[in-house]
Amino acid sequence: MSDATEANGTTGEAEVADPGRDTAKTTEGTGGTGGTVGRHVRVVLVDDHRMFRTGVQAEIGQTARTGVEVVGEAPDVDQAVAVITRTRPEVVLLDVHLPGGGGVEVLRRSAALMADPEQPVRFLALSVSDAAEDVIGVIRGGARGYVTKTITGSDLIDSIFRVQEGDAVFSPRLAGFVLDAFASTDAPPVDEDLDRLTQREREVLRLIARGYAYKEIGKQLFISVKTVESHVSAVLRKLQLSNRHELTRWATARRLV
């Protein structure tokens with residue numbers, strides 16, 4: 001894989017491979033993860049956790065073996081749009097929760113690239129969240145699929161190639177969310193209280209309502225306990241609730257748990 005050049009940003013680093021290299025060749029794997037003999041796909045990783053991006057790169061980015069060439073990375077919305085526009089990958093692995101507006105904002109700003117009839121950029125959401133509103137939001141935004149971060153490396157590689165080929169790919173239990181959402185001709189009612197929360201606050205809310213301790217939430221979301229506490233305080237303030245017990249009842253009543 002080509003060496004990447006690194007451009008420092010305020011929230012992380014966007015890494016882009018040399019756009020002048022020849023990308024027309026296919027790689028021939030010799031077996032192993034993904035079984036991708038003769039297949040090749042150019043991928044950009046978008047996630048605000050550098051350690052997670054590094055792990056995904058190590059798992060899928062051995063091009064000669066997997067057929068996956070990681071041509072760029074980005075930690076936030078602005079850098080993601082810049083890297084995707086510059087590299088024109090075939091598939092973007094997109095986290096739902098990102099600084100600058102989230103995965104939905106990346107999709108919105110990449111609409112023209114997705115609509116390109118000759119070289120479409122396709123998006124596969126890869127997130128820790130299994131929330132129905134997150135799944136439906138990115139699918140309505142134009143993503144071709146949604147898988148959770150519990151996916152195995154070989155299944156992720158297979159999902160990337162399927163999305164490259166135009167298929168829709170979902171983790172099993174998430175497909176039902178999409179079917180239910182699009183089976184109805186009526187738009188879902190707007191919950192003004194829920195709309196006050198950011199995507200990250202919704203995620204913390206859901207885990208609190210499920211009974212997770214702050215330390216467990218931090219581990220799940222790759223954030224510090226102090227950051228979890230800040231999100232919980234913001235949720236309680238915005239929803240005008242007093243404690244986590246009221247928060248749990250609020251979330252349960254709206255079937256967010």
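Valine 92 touches Val44, Val46, Ile84, Val121, Arg122, Phe123 and Leu124, leaving aside residues up to four places away in sequence. The model is predicted. Val92 is also among the members of the largest nonpolar core that touch the most other members. A second, separate core has 20 residues.

**Nonpolar cores**
- The largest nonpolar core has 25 residues, and Val46, Ile84, Val92, Leu94, Val106, Phe123 and Val138 touch the most other members.
- At least two residues of this core come from each of strand S3 (41-46), strand S4 (68-74), helix H3 (77-87), strand S5 (91-94), helix H4 (102-109), strand S6 (122-127) and helix H6 (132-141).
- H3 supplies the largest share of this core, 5 residues.
- In soluble globular proteins, nonpolar side chains tend to be buried together.

**Strand S7**
- Strand S7 covers residues 145-148; Gly145 and Val147 point one way, Tyr146 and Thr148 point the other way, and all are buried.
- In a regular strand the side chains alternate between the two faces of the sheet.

**Neighbours of S7**
- S6 pairs with S7 in the parallel sense over 4 bridges, and alanine 125 stands opposite tyrosine 146 in S7.
- From S6 the chain crosses through H6 to S7 in a right-handed β-α-β crossover.
- S7 and strand S8 (residues 169-170) run parallel and are joined by 2 bridges; here tyrosine 146 stands opposite phenylalanine 170 in S8.
- The chain crosses from S7 to S8 through helix H7 (residues 153-164), and this β-α-β crossover is left-handed.

Note on methods
Residues are numbered from 1 along each chain as its sequence is written. This is a predicted model: local features need pLDDT of at least 70, side-chain atom pairs count only at pLDDT 80 or more; totals for chains, interfaces and linings use all residues. Side-chain values use heavy atoms; hydrogens and water are left out. A nonpolar core is a set of buried Ala, Val, Leu, Ile, Met, Phe, Trp, Tyr and Cys residues joined through side-chain atoms within 4.5 Å. Buried means under 20% relative accessible area, exposed over 50%, partly exposed in between (1.4 Å probe, protein chains only). Contact means heavy atoms within 4.5 Å. Two strands pair if DSSP finds at least two bridges between them. A crossover is right-handed if, with the strands pointing away from the viewer, the path from the first strand over the helix to the second runs clockwise.
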